[in-house]
Structure formats: structure tokens, C-alpha cells
Amino acid sequence: MGTVSKLKEEQLKLPGIREQARNSIFPEDFLWFWSEYPNKKAKLDALKAWRETADLRPDTEKLIAAIATQKSGDQWSRGFVPYPATWLRQGRWDDE
């Protein structure tokens, strides 16, 4: 095992380092989206959908507004909330 690998392995044993490394793969705007979305399932798939829809979806502020509107709607109130990746891939921010 090389010195660099051993050093990295030792750093990952420190409290908080592994969590910081894991959180660093998520962009700030995605984390904002994730914090507002009520159905927190399949985070890595949601991140993949986030990247896939980058050229299609509106800015994050508009997504958050759409989520707020849909949270108060009948379907979401009854617990029928799609997974976040599905919501993104299907362009559900445009749902009425």
C-alpha cells in the first residue's frame, strides 16, 4: 500500500471526514432541492436525474416554488408523492 493510499485511509477514519467526502459529491443547488422535497428516497438516483435534467429544468428557485405548490395540493397531501428522480425526469415541476 502506497503512502498516499495509507494517508487517505487514515483520514477517512477521522470523525466527520467520510461524511464530508460523501456530501461533497452533492452540488449546493441539489442539496437545497433535496431539503425541500418531501419524499426523500433514492438520493443517488435523484442526483443522477438532477444531472440529466440540467439543460431542461428551470432554476432551483422555480423548482422549490413548484414543490411548495405541489406540497399543498390534494395528491401530495394524500401521500402520493413521486420519488424525486421521477419528479425530475418527468418534468413534474410543470404539473398543475
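A charge is taken to sit over a ring when NZ of Lys or CZ of Arg is within 6 Å of the ring centre and within 35 degrees of the ring normal. By this criterion, the charged end of Arg57 sits over the ring of Trp50, 3.5 Å from its centre. Lys43 likewise lies over the face of Phe26, at 4.4 Å from the ring centre. The model is a predicted one, in which local features need pLDDT of at least 70 and side-chain atom pairs count only at pLDDT 80 or more, while totals for chains, interfaces and linings use all residues. Residues are numbered from 1 along each chain as its sequence is written, and side-chain values use heavy atoms, with hydrogens and water left out.

The rings themselves come next. Trp87 and Trp93 form another pair, edge-to-face, with 6.2 Å between centres and 70° between the planes. Ring pairs link Phe26, Phe30, Phe33, Trp34, Tyr37, Trp50, Trp76, Trp87 and Trp93 into a cluster.

Burial follows relative accessible area (buried under 20%, exposed over 50%, partly exposed in between; 1.4 Å probe, protein chains only). Trp87 and Trp93 are both buried. Helices (H or I, at least four residues) and strands (E, at least two) are DSSP runs, numbered from the N terminus. In helix α3, residues 28-36, the buried residues include Phe30, Phe33 and Trp34. These cover an arc of only 100° around the axis (taken from the directions from the helix axis to the C-beta atoms), so they fall on the same side of α3. Phe30 and Phe33 are three residues apart in α3, about one turn of the helix. With contact meaning heavy atoms within 4.5 Å, the buried residues of α3 pack against α4, α5 and α7.

Attention now turns to charged side chains. A salt bridge requires a side-chain nitrogen of Lys or Arg within 4 Å of a carboxyl oxygen of Asp or Glu, and the structure holds four of them. In one, the closest N and O atoms of Arg89 and Glu52 are 2.8 Å apart. Because Arg89 lies in helix α7 (residues 84-89) and Glu52 in helix α4 (residues 43-52), this pair ties together parts that are 37 residues apart in sequence. Both ends are partly exposed, Arg89 at 39% and Glu52 at 43%. Asp74 and Arg78 meet at 3.1 Å, N to O; Asp74 is exposed at 53%, and Arg78 is exposed at 52%. In the bridge between Asp95 and Arg92 the N to O distance is 2.5 Å. There, Asp95 is partly exposed at 34%, whereas Arg92 is buried at 18%. Salt bridges with shared partners also join Asp45, Glu52 and Arg89 into one network.

Finally, Thr53 is found in the loop between α4 and α5 (60-71), where its relative accessible area of 4% marks Thr53 as buried. A polar atom of the Thr53 side chain lies 2.8 Å from the backbone oxygen of Ala49. Leaving aside neighbours within four places in sequence, Thr53 is in contact with Leu88 and Arg89.

Methods:
A polar contact is a pair of N or O atoms within 3.5 Å; within protein, one must be able to donate a hydrogen and the other to accept it, and residues adjacent in sequence count only if both atoms are side-chain atoms. Rings of Phe, Tyr and Trp (its six-membered ring) pair if their centres lie within 6.5 Å; planes under 30 degrees apart count as stacked, over 60 as edge-to-face and the rest as tilted.
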